[in-house]
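Reader: I'd like to learn how to read a ligand site and a pair of packed helices. Could you walk me through it?

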Amino acid sequence: MLVSPTGVGVHAQEEPKVLVTMGSDSDLPLMMKAIDTLRYEFGIPCLVQINSVHRDLRSVVQHIERLPASVQVIIACAGGAAHLPGNIADLRADLPVIGVPRDLGALKGIDALLSMVQMPEGAPVAVMAIGEAGAVNAAIHAAKELAIGDPSIKARLLTYAEKRKTRVQKQNEALEQKLRGL
Ligand code: RP5
């Protein structure tokens, strides 16, 4: 499904630059943080797809081998023994893969983090933090990779950074009142 700043599915006009994929639709609430950061902060259209390497490996291979040529970066989320990003890194030697470990189950994402970060030599995955920070950072990292060849994304990254600075300034302005009230 295509998701862009202009809409979803048939209402999305642009070609996808990023694939946002995940092992299950239970990962979607977490990955909406990445999708919304891509489309609203940076104006980047993405293809959103569920790909399960332990439930339907054959269709993962088909999907990943037949991505639109416009896709330049892949963000892949999984929880548990998270093979998805590493398998995609092997299937697509030509595209960077960013992994988002989901905080899930008994090990709360440590399992997914280690599965992604300990990829053997030759199939690299750029692994983000576990959970929501990781999902947002995956979108920012993807934008930085695209910005190498796209000045408009570079400009939006700088605007995003300015918004973060403004937040600190506002917190400092509110500090005196807060301290007086303690
Ligand atoms: C992984 O298994 C998915 O990425 C998800 O994080 C986890 C659990 O999936 P469901 O059982 O919720 O479908 O493949």
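**The ligand and its contacts**

Author: Happy to! Keep in mind that this is a predicted model. Let's begin with Ser 26, where an N or O atom in the side chain is 2.6 Å from an oxygen atom of the ligand. Asp 27 also places a polar side-chain atom 2.6 Å from a ligand oxygen.

Reader: Thanks! Now the helices: what describes two packed helices?

Author: The angle between their axes and the distance between those axes. Here, helix α1 (residues 28-42) packs with helix α6 (residues 151-181) at an angle of about 100°, and their axes are 10 Å apart.

Reader: How are α1 and α6 oriented to each other?

Author: Angles of 65 to 115 degrees count as roughly perpendicular, so α1 and α6 are roughly perpendicular to each other. On the α1 side, Tyr 40, Glu 41 and Phe 42 make the contact, while α6 contributes Ile 153, Arg 156, Leu 157, Tyr 160 and Lys 163.

Reader: How many residues of each class are in that contact?

Author: The contact of α1 with α6 has five nonpolar residues and three charged ones, with no polar residues.

Terms used: Residues are numbered from 1 along each chain as its sequence is written. This is a predicted model: local features need pLDDT of at least 70, side-chain atom pairs count only at pLDDT 80 or more; totals for chains, interfaces and linings use all residues. Side-chain values use heavy atoms; hydrogens and water are left out. Axes are lines fitted to C-alpha atoms, for helices over the stretch in contact, and angles run from 0 to 180 degrees between N-to-C directions. Helices (H or I, at least four residues) and strands (E, at least two) are DSSP runs, numbered from the N terminus. Angles under 35 degrees count as roughly parallel, over 145 as roughly antiparallel, 65 to 115 as roughly perpendicular and the rest as oblique. Contact means heavy atoms within 4.5 Å. Ala, Val, Leu, Ile, Met, Phe, Trp, Tyr, Cys and Pro count as nonpolar, Asp, Glu, Lys and Arg as charged, and the others, Gly among them, as polar. A polar contact is a pair of N or O atoms within 3.5 Å; within protein, one must be able to donate a hydrogen and the other to accept it, and residues adjacent in sequence count only if both atoms are side-chain atoms.
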